[in-house]
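Dear colleague,

Please find below the structure I am handing over to you, together with its sequence. My findings follow directly after it.

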Amino acid sequence: LVSAQEIQFNVYSDTQLDVVRFRKLLHLHHQHNHPEAARCDVCAQWLSQAAELYQGDLLAGFFVPDSVAFEEWRLVQQEELHLQMLAALEKLANYHLQRGEFELVQEFARRGIVLEPWREEAHMQIMWAQAQSGQKLAALKQYETYQRILVEELGIKPAANVTKLYEQIRSGEVGPQAGEQSDAKEPVWLSSEGEHRQVTALVCS
């Protein structure tokens with residue numbers, strides 16, 4: 001729909017808009033209230049469908065000459081969708097982590113790393129999944145990769161909780177054998193000011 005001042009997608013046309021569908025699926029997930037959202041199969045399906053729709057930054061490479069307002073709008077929308085996608089991937093990885101589906105954990109976590117190479121949660125999810133599936137050396141190497149990315153991109157070191165997980169994997173406290181012990185560790189996800197961070201907790205027998 002085009003006017004002298006605006007151009008707008010016709011929502012009544014027979015063409016679907018991926019951004020609208022993406023946001024609708026996330027809205028369904030957010031509105032699906034239940035005590036154990038992280039384990040909900042229906043929510044996981046909605047999030048998976050949303051993740052399939054996201055193919056990159058909104059209108060990447062598209063510019064309107066001499067239109068600061070459009071560029072500002074595009075950048076804001078890009079960032080919002082980018083963050084929503086990261087959150088969806090994190091939740092999907094966590095969902096499969098709790099189900100012991102470690103290959104899917106790595107698949108979704110790696111997609112998050114493609115979008116944001118220094119994303120702590122995604123690297124920790126991969127480390128945990130690899131350790132639990134018997135890929136100890138791969139898990140340790142993942143930490144080294146993350147450590148290098150942080151130094152090269154941001155000039156900082158990994159946070160203490162990431163290093164602690166690395167040490168636990170190296171010592172054998174986290175892994176397929178550790179899961180048989182009464183003091184084994186399992187991932188717990190805490191929410192703080194909109195951010196999810198992985199920590200480890202003792203599992204009581």
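How many residues does helix H5 have, and how far does helix H5 reach from its first C-alpha to its last? The model is a predicted one. In it, H5 spans residues 120–132, which makes 13 residues, and reaches 18 Å between its first and last C-alpha. That is close to the 18 Å expected at 1.5 Å a residue. H5 is largely enclosed by the rest of the structure, because 13 of its 13 residues are buried. After H5 comes glycine 134, which has a positive phi, near 85 degrees.

Valine 162 and glutamate 120 are separated by 42 residues in sequence, yet their C-alpha atoms are 7.7 Å apart in space.

Finally, I turn to the pairing of helix H3 (residues 68–98) with helix H4 (residues 102–115). The two pack at an angle of about 160 degrees, with their axes 8 Å apart. Angles over 145 degrees count as roughly antiparallel, and H3 and H4 are therefore roughly antiparallel to each other. H3 passes H4 in a left-handed crossing. Among the residues that meet are Met85, Leu89 and His96 from H3, and Phe102, Phe108 and Arg111 from H4. The residues of this contact comprise twelve nonpolar, three polar and one charged.

With kind regards

Technical notes
Residues are numbered from 1 along each chain as its sequence is written. This is a predicted model: local features need pLDDT of at least 70, side-chain atom pairs count only at pLDDT 80 or more; totals for chains, interfaces and linings use all residues. Side-chain values use heavy atoms; hydrogens and water are left out. Axes are lines fitted to C-alpha atoms, for helices over the stretch in contact, and angles run from 0 to 180 degrees between N-to-C directions. Helices (H or I, at least four residues) and strands (E, at least two) are DSSP runs, numbered from the N terminus. Angles under 35 degrees count as roughly parallel, over 145 as roughly antiparallel, 65 to 115 as roughly perpendicular and the rest as oblique. A crossing is left-handed if the near helix is turned anticlockwise from the far one by less than a right angle, and right-handed if clockwise. Contact means heavy atoms within 4.5 Å. Ala, Val, Leu, Ile, Met, Phe, Trp, Tyr, Cys and Pro count as nonpolar, Asp, Glu, Lys and Arg as charged, and the others, Gly among them, as polar. The expected span of a helix is 1.5 Å times one less than its number of residues. Buried means under 20% relative accessible area, exposed over 50%, partly exposed in between (1.4 Å probe, protein chains only).
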